[in-house]
Amino acid sequence: MTQNNDTIAAVATPQGSGGLGVVRISGKDAFLVADKVFRAKNGKKLSEIPGYTALFGKVFRNDEPLDEAVALVFRAPKSYTGEDVVELSVHGGNYLVREALRAVLNAGARVAFGGEFTRRAYENGKMDLMEAEAVMNLISADGEKARRAALSLHEGAASAEVQKIRSALLTAAAGLAVFSDYPDDELPEFSEETLMGTLNEAENGLSALLKNYDAGKVLREGVDTVIAGRPNVGKSTLMNLLSGCRRSIVTAIAGTTRDVVEDTVRLGDITLRLSDTAGLRNTPDEIERLGVEISREKIQSATLLLAVFDLSRPADEEDLALLNECRHRPSVVIYNKSDLTPEFDTSLGDGLYSITVCAEDGGSLALFEKAVATVCGTEHLSGSETLLCSERQHDCCRRAMDYVKEAKRLLKSGYTLDTVGVCLDDAINELLSLTGERVQNAVVDEVFRKFCVGK
Ligand code: GDP
């Protein structure tokens, strides 16, 4: 266990007024510090009571009572950080909580950096790096599937998978090393077939971990989405339908939306960062032309394209160009104005994911929800799958898989077993850095840099 010499403190609840505000203290002097600012009604000291118990009393600032408080005690190693921890709950006013923290800092604690509590938990072996990374995802999850995925990662689902793969590779590497040292001896536990079997299993395990990464990322981070189409096809009506309010100006006059109108909406389990763009057409109007240019740029940079077409008008060149664009990125083709006589040849969009709607009647949200989930690959996810939660985890896993594949190739091509062994070692190292068991400090710093203060 890493011994941190200083005792840290931070406000663990968000800024703003609320029922409660919590000041969290962790470190070897947590009880000493807390006893200087907290006096229990029954006269007991926090340093005297067992872990998982609470005392009611008051927090003092310069010997003057500041507020009533409940102090909750956790004794090392049975705490979030693995150290002695006190959580002081006071009334949740900004000023009160800040002053309670100030009293704690004056009593000898230092203010914690963002993520420092979780970093200590990681350093004290309470969780590995993958489980620690999931903490922030759990906090920021704003949908059921994202929450479930973060909780399962935090509880070690992916770590267990990684450890299984790593221990199989370690056994294989050890067998290889013995075989290389004593090639003439009969070693029943080692053969090229069993080695290949282990490599195949490792590759399957890693590819299962990598499989739903993109869909999981959509659940966690949302999608940059652009609504595009010719003027008057119903883009702004669609934007308003998805936003649930009149966000864009809807008129029958082509070219009304000249700028990009943006909004963030929640569609089922997915957050869409929506941009309603100027209608695509060639125009002599200078301002509108600039708007169209921005639209084209937005289409190129968006992750998801909602391409809108007016069913009541035959397709023109802009429609054909947009349909072509849809073939190069995740897109939903939206045939709008289904209430009017159809003139648009929908076979032009064959092979693309399409829905037919009447955006004006407002009743098509379920269709949009299903379409977006299908195109983004989240529809089949329940949240119970093992989902990696960061680019770092994904990169480690992918590199480990590349080494395993390379080991297989070398083995098949008849290279020496020593050479295969080097690839195995590299794959094992990647898995060790994935869980944080062998990782550079700079990487750990980067992981915790993204955390909020108090966590
Ligand atoms: P935009 O230029 O693509 O943003 O199109 P708007 O959303 O401003 O809509 C252009 C016109 O089409 C407006 O008069 C809307 O009321 C009309 N409109 C939009 N959706 C529908 C629909 O589903 N059916 C019918 N009949 N008209 C619609």
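A: Helix H1 and its setting

Six of the eight residues of helix H1 (residues 30-37) are buried, so this helix is largely enclosed by the rest of the structure. The model is a predicted one, in which local features need pLDDT of at least 70 and side-chain atom pairs count only at pLDDT 80 or more, while totals for chains, interfaces and linings use all residues. Residues are numbered from 1 along each chain as its sequence is written, and side-chain values use heavy atoms, with hydrogens and water left out.

Buried here means under 20% relative accessible area, exposed means over 50%, and partly exposed lies in between (1.4 Å probe, protein chains only). Helices (H or I, at least four residues) and strands (E, at least two) are DSSP runs, numbered from the N terminus.

The buried positions of H1 are Ala30, Phe31, Val33, Ala34, Asp35 and Val37. Contact means heavy atoms within 4.5 Å.

Helix H2 contains glutamate 99. This residue is buried, its relative accessible area being 7%. Apart from neighbours within four places in sequence, glutamate 99 is in contact with Arg61 and Leu66.

Glutamate 48 occupies the loop between E3 and E4, and its relative accessibility of 56% places it among exposed residues. Its C-alpha atom is separated by 55 Å from that of aspartate 402, a residue 354 places away along the chain. Asparagine 62 belongs to the loop between E4 and E5. It is exposed, with 70% relative accessible area, and has a positive phi of about 45 degrees although it is not a glycine. Proline 77 is found in the loop between E5 and E6; a cis peptide bond, with omega about 0 degrees, joins it to alanine 76. Most residues other than glycine have a negative phi, and most peptide bonds are trans.

A nonpolar core is a set of buried Ala, Val, Leu, Ile, Met, Phe, Trp, Tyr and Cys residues joined through side-chain atoms within 4.5 Å. The largest such core has 37 residues, of which Leu169, Leu195, Leu199, Leu206, Leu424 and Leu431 touch the most other members. Helices H4 (129-140), H6 (157-181), H7 (192-211), H13 (391-412) and H14 (417-435) each supply at least two residues of this core. H14 gives the most, with nine residues.

Just after H9, glycine 244 takes a positive phi of about 75 degrees.

H9 (residues 235-243) also gives the most to the shell around the ligand, with three residues. Of the 18 residues around the ligand, Asn232, Lys235, Ser236, Thr237 and Glu360 come nearest; a residue is near a molecule if one of its heavy atoms lies within 4 Å of it. The shell divides into seven nonpolar, six polar and five charged residues. In that count Ala, Val, Leu, Ile, Met, Phe, Trp, Tyr, Cys and Pro are nonpolar, Asp, Glu, Lys and Arg are charged, and the others, Gly among them, are polar.

A polar side-chain atom of serine 236 lies 2.8 Å from an oxygen atom of the ligand. A nitrogen atom of the ligand is 3.2 Å from a side-chain N or O atom of asparagine 336, and a ligand nitrogen is 2.9 Å from a side-chain N or O atom of aspartate 339. Taken alone the ligand exposes 580 Å², of which the protein buries 88%; these areas come from the Shrake-Rupley method with a 1.4 Å probe.

Lysine 337 lies in the loop between strand E12 (331-336) and strand E13 (354-356). It is partly exposed at 23% relative accessible area, and its phi is near 65 degrees, a positive value in a residue other than glycine.

Terms used. A polar contact is a pair of N or O atoms within 3.5 Å; within protein, one must be able to donate a hydrogen and the other to accept it, and residues adjacent in sequence count only if both atoms are side-chain atoms.
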